[in-house]
Amino acid sequence: MKQRGLALIGPILLFCGQSSHALAQTGQPAAPETTEQTIERLTAAVAKTQSQMEAYGQQLLELRQELGALRQKMAAEKSPASQAPSTAAASIAEASSESPATLDEIRERQAIEESQIATHEVAKVETQSKYPLKVSGLLLFNGFVNTRQVDISASPAYAISGSGSTGLSVRQTVLGFDARGPHLFSANSRADLRVDFFANGAQSNYAASGILRLRTAHAALDWPHTEAFFEVDRSILEPNEPSSLVAIAQPELAWAGNLWTWNPQVGVSHHFSFSDLSGVEAQAALIDPSEPQLPGTTSNSPVTESERSRWPGAEARVAFQHGDSGTGLDFGVGGYFGPQRDGNGHSFNAWAGTVDFRSPLSRYFEVTVNAHRGQALAGLGAGGYVNYYYLYAGSNEIVHALDDVGGWAQLKAKAGQRVQVNAGFGIDNPFAKEVDAALASLEQSPTASTYYYPGLARNRSVFSNVIYSPSAYLLFSLEYKRLWTNYATGPTYFSDSIGIGAGYKF
């Protein structure tokens, strides 16, 4: 910088020197100059001086840029961020006095941040739209032991007559894509997609032959308090989900009170704030519920009962929220209504009323409760896979929507940041008198050749698990589950299932 500073003196001295030379010449005897010669001489001097001034002006600009960079660096060194090492050291010292686990977490977080900074400009996923895309997932290994036969051995939901099974699987691995898009109507746009490897072509939601399966997908426009969305996910009626590392392909308590099935929906939600911590969230959506089949069975129709009615279902939920999102108090009520039509042209209606509640009991405990009551709820994951049944009056066939009631509850205990213990119970209970009536009506049917009720008469499940996370990216779990399943005829079938899980998040 000193050399550049001295160099700037050159044009000034040159200009002054030329002016002094011209003055000195006026005091010395010399041949008189013509006006034309004087103009040429002065023009050449001005051009030469202007050229040098432009060169030194560029150097002056570079000096100013360097000076600005040095000032920013000096300000950064004097800012509170420069004291981060000492602050971090103090935090580590304080954390070490509290618990070794906290100290390890701080060190791990620092290592993760350093790794992310180092790779930020190196590893990028390029998309055609040029907007950022993040790839994430859970590589999950699980082992299982089932004392009796179940619907899907690696992720069971109900018991079947037969012998047990033991095995290993990585088909519950989940792969995710998260994207951020352009601004539209003053809103931020986003989208995400989740897939796993737990389906076959005929039954994308419930079977398990190991082909890539779409789980959930979301696209939304986000304003400060409003969101417009379309998605494939569980119904907005039941936003909570039991905690498990073993039951991923079918969520914990599936077909035992958990309205979990993933269905196409389009809707809007709005948050009314009362204060920084309290508010009310209102949601409404249209939904196209699926028509699930028991594993091992297929449907002969290319359209669902909801699609035959030519009207989508409608759902809404209102919830009071207090505290941090995802961990604070959340109490909601919801409703669902959807016209249905069977393959013979008979019409009936599906409906549901729901209540959901999640609340921290203390720093270490949290309780979650969900309940529903309705009719024709197989498309949402209830009713034992059955939406309706027939009654016969002579040759007349009358369709009745199957009534159902159910729900689930979970207690979560947290032992620090690394260990959580979960215990829960769920039940799905189609009305017994209607199941009996459906079975009896088959005997009166003029066309029925068999007297077999196609679904579950009642299904219950209880589970308990421990999930241990030694780091932010490693997960281990041990789980015990017991299933009780009733059919329209025969005894209660049960199975004890023990599952282990080891996952790596990326």
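What you have here is a predicted model, so to speak: local features need pLDDT of at least 70, side-chain atom pairs count only at pLDDT 80 or more, and totals for chains, interfaces and linings use all residues. Residues are numbered from 1 along each chain as its sequence is written, and side-chain values use heavy atoms, with hydrogens and water left out.

Let's start with confidence. The average pLDDT (the predictor's confidence in each residue, from 0 to 100) is 83 for the protein, and 79% of the residues score at least 70. Residues 1–30 stay under 50, and the model gives them 20 contacts beyond four places in sequence, a contact being heavy atoms within 4.5 Å. Residues 80–99 are also below 50, with twelve contacts beyond near neighbours in sequence. Where pLDDT is low, the predicted coordinates should not be read in detail.

Now for the strands, which are DSSP runs of E with at least two residues, numbered from the N terminus (helices are H or I runs of at least four). Two strands pair if DSSP finds at least two bridges between them. Strand 15 (residues 403–415) runs antiparallel to strand 12 (residues 365–375), with eleven bridges joining them; glutamate 366 has lysine 412 of strand 15 as its bridge partner. Strand 15 also pairs with strand 16 (residues 419–430), again antiparallel, over twelve bridges.

On to the holes. On a 1 Å grid over the protein atoms alone, a cavity is a set of points where a 1.4 Å probe fits but cannot get out, and lining residues have an atom within 4 Å of a point. Points are joined across faces, edges and corners, and volume is the space filled by probe spheres set on them. Searching the whole structure turns up two cavities of 30 Å³ or more.

Strand 19 gives the most, three residues, while strand 1 (133–150), strand 18 (474–486) and strand 19 (493–505) each supply at least two.

The second largest cavity holds about 60 Å³. Among its 13 lining residues, Pro289, Ser290, Gln340, Gly379 and Asn387 lie nearest the centre. Helix 6 (305–309) and strand 10 (329–341) each supply at least two residues of that lining.

How values were computed
1 Å grid on protein atoms, 1.4 Å probe; cavity = no way out; pocket = protein on both sides within 12 Å on 5 of 7 lines; lining within 4 Å.
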